[in-house]
Amino acid sequence: MSDDDLKQKLSLLLDGELSKSDSLALMSRVEGDAELRKQWHRYRLISELMRSEKTLLVDDSFVDRVRDALASEPTILAPRSGKHRYREKAVTAALAASLAIVAVLVGKSISEYSPVRGPELLAQTELTGAGNARSGGDPQFQDYLVMHNETAYLVGAPGVLPYARLVTYDSSR
Amino acid sequence: MLLAAEAFGATAELRQSDAIRWLMDMRQGVIHLNYRGVVAYLKDKHVESFQLFHAFAEGIEQERLVSMNSPLREVVRNAEKVACYFPDTKTVFVENKPSRRSVLLELPEDLAQLSRHYDFKLLAQEYVAQRLSQIISIEPRDDFRYARRIWVDVESKLPLKFELVGENDQVVEQMMFTSLSIEESIPRSELNASTKVDTFTWQINQRKALPLDSLKWVLENVPDGFQMISYTRLLRAPTEHPVEHILLSDGFSSVSIYIDELGGDVVKGHQKKVGAINAHSRKIDRYLVTVMGEVPARTVQAIAGGVHRQNVQRP
């Protein structure tokens with residue numbers, strides 16, 4: 001089985017599209033192959049990222065790793081037959097798209113403010129419209145927001161309406 | 001030509017000092033008057049309302065601010081303490097001996113100093129809540145801060161409307177009195193907390209001020225004008241997990257830096273923007289550093305990018 005076939009099978013396995021016997025065979029191969037195991041973890045991480053509204057914190061070499069991963073990722077051009085063809089395409093496209101989104105956002109963060117290049121950057125998931133304003137599902141962020149407004153007022157930081165923000169802030173959103 | 005330029009400069013300075021005088025009068029009005037009103041607060045196209053009661057008697061200010069819709073939150077301030085009640089999470093935050101600040105609208109002591117970073121102008125006059133008001137524009141001199149516009153009541157000098165203006169002249173946060181009455185006095189019953197606290201079920205959050213020389217972090221890229229005004233360790237109920245908190249302010253805008261020791265390698269990040277608040281996070285060694293404040297995204301990015309541990313060699 002070629003590397004490309006293996007990677008495609010990993011995608012299908014992750015998506016529950018592989019038959020039971022193929023799944024068991026592939027898992028056994030993953031267990032014995034360190035490189036394949038890395039690939040599997042990478043695909044799982046990407047899959048989690050795609051399904052979650054949360055963002056992941058990344059370290060120094062994240063951008064380099066994404067670049068390397070994109071460079072070494074095979075371009076799949078050959079059409080394939082069978083009932084999984086559409087599904088495979090969708091998975092491959094989605095994986096590529098998620099990598100591209102992360103790369104673009106990280107790139108944007110760096111270029112937006114050139115004098116400061118933090119060694120680590122947050123891979124931010126930008127939501128649009130009302131979704132962006134709603135911070136539901138991230139209690140830590142909301143906790144920080146409350147602390148910010150509380151402290152700004154309590155220590156006498158001049159500012160405008162820190163308590164209006166607190167009193168009207170809706171924790172359910 | 002030179003004389004004309006000098007005259008223009010003098011006129012601009014005069015306009016600036018006129019605007020500052022309006023703001024200083026406003027500060028006096030906010031502290032010394034007795035008033036009650038309903039304030040609409042708009043953020044992210046979402047409107048909330050709260051009632052405000054303010055009294056000044058025998059040299060002491062008292063205030064109560066209570067939301068009109070669920071969740072029914074309340075803030076009460078008197079000479080001894082500020083208490084913030086959050087019934088939905090059964091949390092009360094109490095600070096003893098608060099500094100003398102208003103919950104309505106606070107301005108820095110030294111407005112003239114602020115003119116290094118903001119340009120103050122008097123604009124037109126308009127009616128708000130059927131009262132004539134003077135519009136004052138506060139424009140930042142760089143891209144690290146938001147602009148503000150304040151509508152000051154001509155008669156009482158209370159701020160009737162406030163706008164925080166983000167990039168592309170978009171209003172990101174707005175407050176406005178929809179009703180306001182200035183009274184001889186405000187009854188005590190309107191100034192006391194209405195929230196009943198059961199001490200067995202409510203959590204009380206703690207805050208411990210830390211000496212500045214114990215700070216193990218260096219802040220390199222803080223835009224000019226922002227100063228550190230508080231360094232505390234917060235123990236958040238119910239886990240009492242400690243978080244270090246540094247608060248910076250330039251007089252109008254506040255920026256918080258949170259330093260949280262991580263339990264694992266991968267942690268949740270944060271949404272970038274909620275209303276006027278922008279946030280940016282970085283992982284430094286085993287710490288998550290989060291910078292947030294009512295400032296543009298580039299400001300929190302700049303500050304976050306310049307945070308590092310003392311005596312740690314950077315790449």
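Modeller: Helices (H or I, at least four residues) and strands (E, at least two) are DSSP runs, numbered from the N terminus. In that notation, chain A reads α-α-α-β-α-α-β-α-α-α from its N terminus. This is a predicted model, in which local features need pLDDT of at least 70 and side-chain atom pairs count only at pLDDT 80 or more, while totals for chains, interfaces and linings use all residues. Residues are numbered from 1 along each chain as its sequence is written, and chains are lettered from A and ligands numbered from 1 in the order in which they are written.

Biologist: How many helices and strands does chain A have?

Modeller: Chain A contains eight helices and two strands.

Biologist: And what is the mean pLDDT of chain A?

Modeller: The pLDDT is the predictor's confidence in each residue, from 0 to 100. For chain A the mean is 53, and 28% of the residues reach 70 or more. Over residues 51–60 of chain A the value is below 50, yet the model gives this stretch 29 contacts beyond near neighbours in sequence. Two residues are in contact if their C-beta atoms, placed from the backbone, lie within 7 Å. Residues 74–137 of chain A also stay under 50, and the model has 94 contacts for them beyond four places in sequence.

Biologist: Where is Phe56(B), and why is it classed as partly exposed?

Modeller: Phe56(B) lies in strand E2 (residues 46–57) of chain B. Phe56(B) is partly exposed because 17 other C-beta atoms lie within 10 Å.

Biologist: Which residues does Phe56(B) touch?

Modeller: Leaving aside residues up to four places away in sequence, Phe56(B) touches Ile31(B), His32(B), Leu33(B), Asn34(B) and Glu61(B).

Biologist: How do strands E16 and E17 of chain B pair?

Modeller: Strand E16 (residues 241–249) and strand E17 (residues 254–261) of chain B pair in the antiparallel sense over six bridges; two strands count as paired if DSSP finds at least two bridges between them. Ile246(B) has Ile257(B) in E17(B) as its bridge partner.

Biologist: What do E16(B) and E17(B) form?

Modeller: E16(B) and E17(B) form a hairpin with four residues between them, and Gly251(B) in the turn has a positive phi of about 110°.

Notes. Buried ≥ 20, exposed ≤ 12 C-beta atoms within 10 Å, placed from the backbone.
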